[in-house]
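Hi,

Here is the two-chain model I promised to pass on. Have a look at it first, and my notes on what turned up follow below.

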Amino acid sequence: MDNDLPLEKIAISGPTLASLIQRFSSSNGDVDGLLFGHVTQPTPANLLDDDFPSSSSISSSIRSDSPTLVANITSFFCSGTLSSFYDSLGQLNISALNRCSLGNGKDDQQQRLIGWFVGRRRTPLRPSMREFSVSSSLSSKTLETLNFSQNESISISPFPNFPPCVFLLLSSPLSDQLIHTHDYRAFQFRRSSEVFEPKSIDVINIGPAFRGHYGAFSPNSQFPWLSCAMKDFSSSPSREMEIVSEDDKGKEESLLSLKKIAKEQRGLDSCAEGFEVGRLSKLVGSEAVNYTLEVEDLYGKMLAKLEGLARLVEKSSALVLEQERCNIKLRNKVSGLE
Amino acid sequence: MVTASEPMVPPLIAAQLNYLLTHSPLSIKVEQIWSGSKNPPFLSDRFTLLIPFCLDYIKWDVIYNAQNPLVAPDIVFSAADESFHPFSISAEGHSHSLKNVLCDWNCKDPSKLLLLIHELRVLYNVYQRKKIGQLDDERLKFEISTIHSREGIEVCMNSAPDKANEVKFSVPLLDIDLNKMVHGCTWKHRQQIFLQVIFPISRKYSLAPTAPRIKLVGSSELKALFPIEDVKLPPWLDGMCMAEYLPIIEDTLNTQIVEAVAAIGARRRFIEALAPLFGRPLEADPVFCRKATVFACSGVFTFLVHLSLSTQFPKQQPVLVLQSSQHFNSQGTPVMSPPLTDYPWSPRWEEPKMAERIYDFLAEECLNFKKFGSLAHV
């Protein structure tokens with residue numbers, strides 16, 4: 001049973017924490033959201049030799065009691081408001097929860113829902129009445145009931161039934177200070193004893209001092225897993241870089257994964273616009289001059305596309321801002337401020 | 001009173017907070033009020049409440065959200081009460097009141113915050129009782145189990161870091177409405193006398209447990225009727241428990257309250273007896289009859305007489321202070337005499353006789369006061 005194992009600590013990468021704090025400190029009011037990541041069991045540094053069989057059973061039993069698990073927070077979703085996936089009693093709204101975690105935790109065992117967070121300005125750094133209730137409801141849900149049941153991921157995941165019991169609380173000091181201070185505290189909600197256990201936070205940062213950390217840390221990016229290297233796992237790293245054009249080795253793969261690969265390949269091809277890797281050979285030799293012109297033309301088109309995209313983003317941002325203003329007005333109207 | 005303009009409290013929150021402060025039978029106070037917004041207008045949407053509990057105050061932070069005014073507030077309890085989880089307690093007791101308050105939250109109904117705070121306070125008492133029940137102290141377990149039938153008892157653990165751990169009981173005494181006993185009383189809150197009993201927590205069962213520290217507690221307003229600190233407490237005998245002690249102290253207290261209420265009548269009759277001699281009093285305390293001021297003159301010299309009546313009246317004679325209406329000191333305030341108590345008095349006299357003797361005394365004393373006034377006068 002691994003559904004209420006104690007955590008030793010909670011690890012979060014510097015950029016993830018910074019981005020979380022930024023989201024909170026730039027919002028006008030209080031915010032909440034979900035935390036994604038995975039649970040790992042680092043190899044203990046002090047492995048003992050089994051020279052004394054009589055004592056080894058005792059020492060191993062002691063070791064199993066002491067917490068050795070680490071929860072790694074790799075990404076988050078910030079709702080931008082409070083009570084985004086629960087009601088005033090702290091009971092979960094499952095459909096809202098699924099909506100919030102869309103795109104995260106579905107099919108990636110490295111990115112499962114492992115907890116939630118609240119950022120509330122100028123309040124004590126202690127869980128509130130409602131936060132207790134939300135954590136209690138959230139950590140009593142197993143992945144199945146939360147509709148994250150992807151059989152393959154559960155079989156791969158090291159701790160499939162580990163509940164989303166991590167709670168991160170962000171705040172700022174009660175009194176105004178000259179120095180901007182961001183307070184945060186992490187807890188693990190223990191189902192068996194119904195208590196919040198404060199846990200230390202390991203901020204994994206970039207730099208030589210943290211090289212050791214990164215050895216055990218597996219960073220994640222949102223970039224999709226490209227099927228380029230799917231053909232042969234036993235092959236050398238250099239061969240993995242080759243693009244699968246002749247799909248003769250994929251025969252053993254199921255039809256489903258073939259389709260998936262084909263779909264991703266099509267996506268790649270449409271971006272390449274006929275400039276597939278095979279043509280790279282033309283960069284040398286007699287056709288090089290023509291080819292360079294073609295490539296430059298492609299780059300020009302790409303830049304134009306990017307500019308168009310930037311303009312689209314700008315327009316939609318303006319719309320979002322306008323809507324946000326409208327919302328504030330409506331809210332003020334409801335609370336009788338107008 | 002919190003006004004909606006200063007500090008900027010959104011009207012809906014202000015309405016709920018004001019309703020709580022004015023309608024609660026408990027005298028709840030706001031310690032601090034502030035805003036959780038980043039941008040102006042800095043709407044104040046969070047505050048610290050001081051809530052009377054067990055003859056002390058508990059501090060709770062009520063956190064609304066100005067951005068989400070429709071949502072019920074959240075509460076952060078004090079650091080010492082981190083294990084207080086109202087939802088679990090109300091679920092154990094199969095009580096749905098807390099759930100109902102929060103489920104039917106209506107931001108436009110000003111009474112909702114009061115309902116929430118009162119319900120939480122009830123659950124807080126349950127939590128404290130449970131905490132004490134879990135202590136390994138046989139005597140406290142016994143005390144808790146024997147006072148179940150009495151209503152309104154509050155308990156809490158006193159765990160100051162530098163002191164030994166104690167358990168405090170607050171027991172409301174006498175099931176009578178003091179406000180109704182005093183005719184025309186102006187008390188805003190229902191007056192209640194409490195017995196505070198503080199037990200030390202002992203880990204082992206001892207044959208001769210030490211007596212608890214006991215003290216009567218009443219509001220400062222109650223002093224007008226009778227001074228509660230003067231009540232002599234019956235002794236706590238060896239091996240006694242609260243269930244035995246409470247009827248004894250209630251008897252003592254009951255007699256004293258009846259006497260104190262009767263004493264109001266005696267004081268009123270005395271003040272009324274002043275009228276035929278001095279004329280109608282210029283000022284008089286009509287509820288407790290502890291003060292009266294009359295106008296007096298001797299020839300052309302006019303002065304005021306302030307009479308203060310203690311709760312021990314007529315055993316203790318009134319304290320007289322004379323105030324001249326013709327002499328002023330260098331600060332421009334009227335010259336006052338020192339308090340006068342040294343005049344003929346007997347508690348056995350009838351009220352008209354008392355008034356008469358004071359009148360006679362003043363007829364002579366006013367000459368001294370006139371001289372005193374002329375000396376002080378510049």
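The buried residues of α4(A) are M129(A), R130(A), E131(A), F132(A), S133(A), V134(A), S135(A), S136(A), S137(A), L138(A) and S139(A). Buried here means under 20% relative accessible area, exposed means over 50%, and partly exposed is in between, with a 1.4 Å probe and protein chains only. Helices (H or I, at least four residues) and strands (E, at least two) are DSSP runs, numbered from the N terminus.

Before you go further, please note that this is a predicted model: local features need pLDDT of at least 70, side-chain atom pairs count only at pLDDT 80 or more, and totals for chains, interfaces and linings use all residues. Residues are numbered from 1 along each chain as its sequence is written, chains are lettered from A and ligands numbered from 1 in the order in which they are written, and side-chain values use heavy atoms, leaving out hydrogens and water.

The whole structure holds 4 cavities of 30 Å³ or more, and the largest cavity has about 160 Å³ of space. Of the 18 residues lining the largest cavity, those closest to its centre are L82(A), Y86(A), R130(A), E131(A) and D74(B). Both β4 (112-119) and α4 of chain A supply at least two residues each to that lining. By class, the lining of the largest cavity has 9 nonpolar, 4 polar and 5 charged residues. For the classes, Ala, Val, Leu, Ile, Met, Phe, Trp, Tyr, Cys and Pro count as nonpolar, Asp, Glu, Lys and Arg as charged, and the others, Gly among them, as polar.

As for how these spaces were found: on a 1 Å grid over the protein atoms alone, a cavity is a set of points where a 1.4 Å probe fits but cannot get out, while a pocket is an open set with protein on both sides within 12 Å along at least five of seven lines; lining residues have an atom within 4 Å of a point. Grid points are joined across faces, edges and corners, and a volume is the space filled by probe spheres set on the points.

The largest pocket has a volume of about 1,400 Å³. Of its 37 lining residues, the closest to the centre are L26(B), R121(B), E154(B), Q192(B) and F194(B). The largest share of the lining, 6 residues, comes from α4(B). Domain 1 (1-130) and domain 2 (135-269) of chain B both give residues to the lining of the largest pocket, so the pocket lies between them; the domain bounds come from an automatic or database domain assignment. The lining of the largest pocket has 15 nonpolar, 12 polar and 10 charged residues.

What about the cores? The largest nonpolar core has 68 residues, and those with the most contacts inside it are F169(B), F270(B) and L307(B). Helix α7 (residues 242-278) of chain B gives the largest share of this core, 14 residues. Domain 2 (135-269) and domain 3 (290-376) of chain B both contribute to this core, so it lies between them. Apart from it lies another core, of 43 residues, among them I21(A), V134(A), L138(A) and L169(A). A nonpolar core is a set of buried Ala, Val, Leu, Ile, Met, Phe, Trp, Tyr and Cys residues joined through side-chain atoms within 4.5 Å.F270(B) touches residues including L307(B), F313(B) and W345(B), not counting residues up to four places away in sequence; contact means heavy atoms within 4.5 Å.

A cis peptide bond, with omega about 5°, joins F313(B) and P314(B), and P314(B) sits in the loop between β11 (301-308) and β12 (319-328) of chain B. In chain A, S83(A) is not a glycine but has a positive phi of about 55°, and E194(A), also not a glycine, has a positive phi of about 55°. Most residues other than glycine have a negative phi, and most peptide bonds are trans. S83(A) is partly exposed, with a relative accessible area of 21%.

For the chain totals, chain B has 8 helices and 13 strands, and chain A has 9 helices and 8 strands.

Best wishes
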